[in-house]
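Please read them with the coordinates open.

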Amino acid sequence: MESFWYYLQCAFFGSGYFLKVPLKKAMSERGLVQMTAAENIWYVTLCVCFGAGYFHKVIVKKALSEAIKL
């Protein structure tokens with residue numbers, strides 16, 4: 001069912017995908033995953049738009065660092 005909702009979000013201007021990119025960037029900075037070239041480009045694009053990608057990444061990275069300490 002989660003896949004259905006994700007694809008539905010992606011159908012509306014790619015919002016599901018664009019919400020996923022900063023999360024994946026935070027995870028890549030912690031060494032958990034690798035980003036593709038396209039994801040890197042979209043992350044930079046999101047950062048250019050008033051820092052939206054960066055600010056979303058900061059929250060997720062903080063949560064990951066707290067979760068990993070536990």
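The points below concern a predicted model and take up a glutamate, a surface patch and the aromatic pairs.

1. Glu 39 sits in helix 3, which covers residues 37-48. With a relative accessible area of 4%, Glu 39 falls under the 20% cut-off and therefore counts as buried.

2. Which side chain does the side chain of Glu 39 meet in a polar contact? The partner is the side chain of Lys 24, at 3.1 Å. Beyond its neighbours within four places in sequence, Glu 39 is in contact with Tyr 17, Lys 20, Val 21, Lys 24 and Gln 34.

3. A nonpolar patch on the surface is made up of Met 1, Phe 4, Trp 5, Leu 8, Phe 12 and Phe 13. Together these residues have about 780 Å² of accessible area. Trp 5 belongs to helix 1 (residues 2-11).

4. Five aromatic pairs turn up in a search of the whole structure. One of them joins Phe 4 and Trp 5 edge-to-face, with 5.0 Å centre to centre and 70° between the planes. Phe 4 is partly exposed at 45% relative accessibility, and Trp 5 is partly exposed at 48%.

5. Phe 18 and Trp 42 have ring centres 4.9 Å apart and planes at 65°, so this pair is edge-to-face as well. Because Phe 18 lies in helix 2 (residues 15-29) and Trp 42 in helix 3, the pair ties together parts 24 residues apart in sequence.

6. Phe 18 is partly exposed at 24% relative accessibility, and Trp 42 is partly exposed at 36%.

Key:
Residues numbered from 1 in each chain as written. Predicted model: local features only at pLDDT ≥ 70, side-chain atom pairs only at ≥ 80, totals over all residues. Heavy atoms only, no water. Helix = DSSP H or I, 4+ residues; strand = E, 2+ residues; numbered from the N terminus. Buried < 20%, exposed > 50% of the residue type's maximum accessible area, 1.4 Å probe, protein only. Polar contact = N/O pair within 3.5 Å; in protein donor to acceptor, adjacent residues only side chain to side chain. Contact = heavy atoms within 4.5 Å. Patch = residues over 30% accessible without salt bridge, like charges linked within 9 Å, V, L, I, M, F, W, Y side chains within 5 Å. Areas by Shrake-Rupley, 256 points an atom, 1.4 Å probe, with all protein chains shown as cover. Salt bridge = Lys/Arg side-chain N within 4 Å of Asp/Glu carboxyl O. Phe/Tyr/Trp six-rings, centres within 6.5 Å; stacked < 30°, edge-to-face > 60°.
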